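I opened my notebook to look up a few things in one protein chain. Here is the structure I worked from.

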Amino acid sequence: MNDDAEQQHLAQANPGYAAGQLAAAFRTAAGHPDPETRRRGAERGRRWRAVLDGMANGLLTIGSRTPVAGLPAWVTPEVVRGGFATGEPSAGGPLLDHEIATARRAGVPATRRALFAHFLSEEGLAHLHGLLDSGRYEVTVPEEAALLTVAWLVRAGEPAAALDLVEELAPFADRLRFGPRPSGRPVARADFVHRSTVADARAALAARRPSTAVETQREALAVWHPFGDELLLHWLEVTDGRGHIRLPGPADPWHARSTALLSRYRDLARRHTYCTRHLRPKENLGILRGALEEAVAARELTPRRLGLLRHAVASMVRRRGRPGSAGHTALRLRQAAHAALPSHHALAGVVLGRLSGLPQDGGVEEVEAVVAPVSEREAGETGVPAGAVVPAAVRRPVMAALSAPVATLVERGVVPSAEVLAELVPQLVAATTAEAHPDPALRSLAAAHYRAFRNRRSLLLFDLQRQVRVEELPWVRAVDAQRAGSGADEAAAGALRQLGGLAVRAFPGTILPNPLVRELSVLARQAELGAPFVEELAADIFMGTFTPKFLTAARVAAELLGGSLYERYYAIDYAAVRDLAVIEAAESVLRSGGARTSPGFAALCRQRAAEFAPGSGRSGSWVAGNGTVIEQAQILTTHNLATLVHRVGIDPGAGWDDVALRCFDTVCRLTGRVHHNPRPLGTIKDVAYAWRQMVFHLSLCPPDRQGDTLDRVGEVCARQPWHIAGRLAPALTGLRQVMSGERVDRSTGRRLLGWSTGRHWLREDPAPGPRPR
């Protein structure tokens with residue numbers, strides 16, 4: 001869900017959706033073959049049953065900021081898919097093991113209210129002060145930071161603030177867990193982040209199973225080829241120079257050796273079951289073994305068996321030489337060396353042992369030590385040869401747990417997309433948020449709390465309500481006065497520039513995902529930059545309205561892009577946008593409580609959608625109609641790019657022309673997915689997003705470099721496959737027309753937009769022909 005008021009839904013929640021989710025969960029719980037999956041299905045079913053029961057009995061008000069009767073908005077609700085609250089608080093439920101242990105040590109009843117009272121006693125406060133100083137605690141839900149905040153206020157000489165906070169928490173002390181979880185180690189470095197934990201890496205490696213194909217090949221090379229050589233040599237003893245085979249008499253030792261070979265074969269077949277070629281009667285090894293069994297049993301061979309045997313012996317010698325010859329020996333030595341290489345499964349076991357000694361809930365700071373070649377000591381303990389190199393497939397889970405500055409993770413490919421970056425940003429924003437507090441103990445607590453708060457799942461909201469913000473929580477308000485001044489603002493502004501610039505440089509052509517927008521918004525509020533960030537809206541739940549910050553973001557774009565290529569290409573009147581912003585700001589001052597929507601901005605987006613969206617005016621789905629309006633909002637606001645450049649001041653690094661060219665690389669890659677795609681509309685929207693970002697960055701290039709950059713774009717396009725170059729040719733022509741001072745001529749050029757209420761022109765297969773330049 002989105003973080004702010006733009007999240008919009010239908011006027012009431014649909015119980016049919018919840019019923020469908022319940023039915024799906026029950027089917028999983030009843031019929032899935034995996035026991036753990038059945039257990040998770042049963043748990044999902046319990047939660048959806050609670051949703052339906054709460055909707056029926058009035059306990060739940062789906063769509064409200066306070067969905068659970070009797071619980072204030074700051075309480076973290078248990079939320080299931082779609083933003084539905086179940087009625088249970090996340091910090092509720094049965095007492096956890098550490099709570100029971102604390103009650104036992106303190107000699108108080110094992111109830112939450114008794115624990116709450118204990119933590120407010122002299123002994124309990126001393127315990128909390130010790131946790132604050134050591135940092136050996138965890139905050140997994142925001143409520144677990146509440147009593148630590150009380151303890152800090154008491155120690156800081158703020159008893160009145162501590163008492164006010166206790167009075168606000170006390171009515172819920174019997175239901176909610178307000179105390180922290182103990183931890184065996186202090187919190188990690190604030191400037192380091194990780195995508196997965198050591199425990200995640202261990203689980204991924206432990207889940208690896210030996211490869212059947214690899215083990216089959218290894219067994220063939222190490223077991224059955226050498227045994228086949230023994231059988232061949234055994235038959236060659238009774239083969240003359242012309243290839244005739246004559247069995248010796250019954251008393252000849254050859255028969256005793258035959259019996260021993262067959263006994264060893266049965267032992268090998270029982271212990272080595274991957275490779276089964278030796279069981280095939282038409283394979284050479286099967287022929288040699290079958291003939292030997294017949295010779296031992298009957299002391300003679302049938303003519304058919306004898307013919308098969310002669311052919312097998314001759315072909316084996318002809319193909320690889322006689323066992324013991326130079327060529328044959330060299331071949332078997334190479335095969336033995338290959339078979340002796342350790343398997344990925346065995347090497348994963350070595351890495352698992354190295355990871356077991358690290359803290360399991362953090363990342364890996366020294367990856368190279370974990371994936372180094374096998375040491376002599378490890379070879380002695382595991383049987384894996386010393387010096388064996390850990391392969392990429394085993395290194396990959398460890399690399400995913402690398403703990404390092406986020407720019408390093410992007411550079412090393414651990415963060416491959418803006419969506420993954422958005423998952424990590426809360427860790428960095430937590431550290432930046434905490435920097436506002438001068439006291440080290442309060443900084444650590446604030447960082448731990450913010451990380452927990454960002455795990456709070458968003459609610460389904462109606463009527464332009466916004467999600468609960470971190471500053472609304474009582475324990476955060478209680479220490480707000482402890483925040484430092486301009487130093488904290490500068491730290492937030494610096495973090496905002498770093499993260500915003502990293503997202504734009506590392507993932508050009510990618511729209512900023514909503515979780516990342518949410519974190520950038522937090523930093524912008526802390527830095528007091530007046531930088532409006534807007535979320536991507538969902539077309540299927542869009543109600544046709546926008547909050548005022550959309551118009552504010554469009555005004556920021558107007559300040560940056562007035563008279564630019566971007567304004568001309570998308571046929572925007574940014575002067576009119578600025579005037580509209582002034583008018584609505586004045587009207588908002590006259591209203592009591594301020595404006596909740598921007599009707600002028602919504603009307604402008606609808607007008608532009610009707611004029612410019614491909615296929616506008618034709619019959620189409622209402623979702624597509626909503627999409628055309630939302631896309632115009634993204635065009636007018638540049639979907640946060642102008643805010644990042646004009647208000648935040650991000651640095652393009654190598655230059656705006658370089659970013660524009662890399663955006664076009666994304667355009668080409670995505671356009672390639674349109675060809676022969678039966679459902680290409682989602683891809684076409686992504687193409688238009690990347691194209692819009694390219695036009696934006698191109699507009700920021702100095703005027704004398706824009707033409708050269710567009711020429712380079714044309715050269716890149718000309719090197720693409722015909723279906724990519726042909727599809728993009730009208731868009732490039734349209735852009736060239738605008739750059740030369742003309743309007744887009746629809747007979748030869750196109751303005752590339754993503755949403756359409758009719759059939760989008762980018763879907764059509766172009767005719768192979770000359771490449772655009």
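Surface first. I looked up the accessible surface of the chain and got about 35000 Å². Carbon and sulfur atoms own 53% of that surface. The areas come from the Shrake-Rupley method with a 1.4 Å probe, and for residues only the protein chains shown count as cover.

A note on the source: this is a predicted model, where local features need pLDDT of at least 70, side-chain atom pairs count only at pLDDT 80 or more, and totals for chains, interfaces and linings use all residues. Residues are numbered from 1 along each chain as its sequence is written, and side-chain values use heavy atoms, with hydrogens and water left out.

Confidence next. pLDDT is the predictor's confidence in each residue, from 0 to 100. I found a mean of 88 for the chain. A value of 70 or more is reached by 94% of the residues. Residues 1-12 stay under 50. For that stretch the model has 55 contacts beyond four places in sequence. Contact here means heavy atoms within 4.5 Å.

Then overall form. I noted 33 helices and four strands. Both are DSSP runs, numbered from the N terminus: helices are H or I with at least four residues, strands are E with at least two. The radius of gyration is 35 Å, whereas a compact globule of 773 residues would have one near 28 Å. That radius is taken over C-alpha atoms, and the globule rule is 2.2 Å times the number of residues to the power 0.38. The C-alpha atoms fill a box of roughly 120 × 85 × 50 Å along the principal axes.

How much of the chain is buried? I got 50% of the 773 residues. Buried means under 20% relative accessible area, exposed means over 50%, and partly exposed lies in between (1.4 Å probe, protein chains only). I also checked contacts between residues at least 6 apart in sequence, and 74% of them join residues at least 24 apart.

Charges came next. The chain has 94 positive and 80 negative charges, and their mean positions are 10 Å apart. Lys and Arg count as positive, Asp and Glu as negative; His and the chain ends are not counted. Each charge is placed at NZ of Lys, CZ of Arg, CG of Asp or CD of Glu.

Now single residues. Is Pro303 buried or exposed? Pro303 counts as exposed, because its relative accessibility is 73%. I located Pro303 in helix α12, residues 303-320. Pro303 and Arg727 are 424 residues apart in sequence, and their C-alpha atoms are 71 Å apart.

His328 sits in helix α13, residues 326-340. His328 is buried, because its relative accessible area is 4%. Beyond four places in sequence, His328 touches Asp229, Arg320, Gly321, Arg322 and Pro323.

I turned to loops. Ala386 lies between α16 (376-382) and α17 (392-400). Ala386 is partly exposed at 38%. Val374 is twelve residues away along the chain, yet its C-alpha is 5.0 Å from that of Ala386. Contacts of Ala386 beyond four places include Val374 and Glu376.

Last, positive phi values. Ala571 is not a glycine, but its phi is about 55°. I placed Ala571 in the loop between α25 (565-569) and α26 (574-590). His676, also not a glycine, has phi near 60°. His676 is in the loop between α30 (656-672) and α31 (681-700). Ala571 is partly exposed at 33%, whereas His676 is exposed at 68%.
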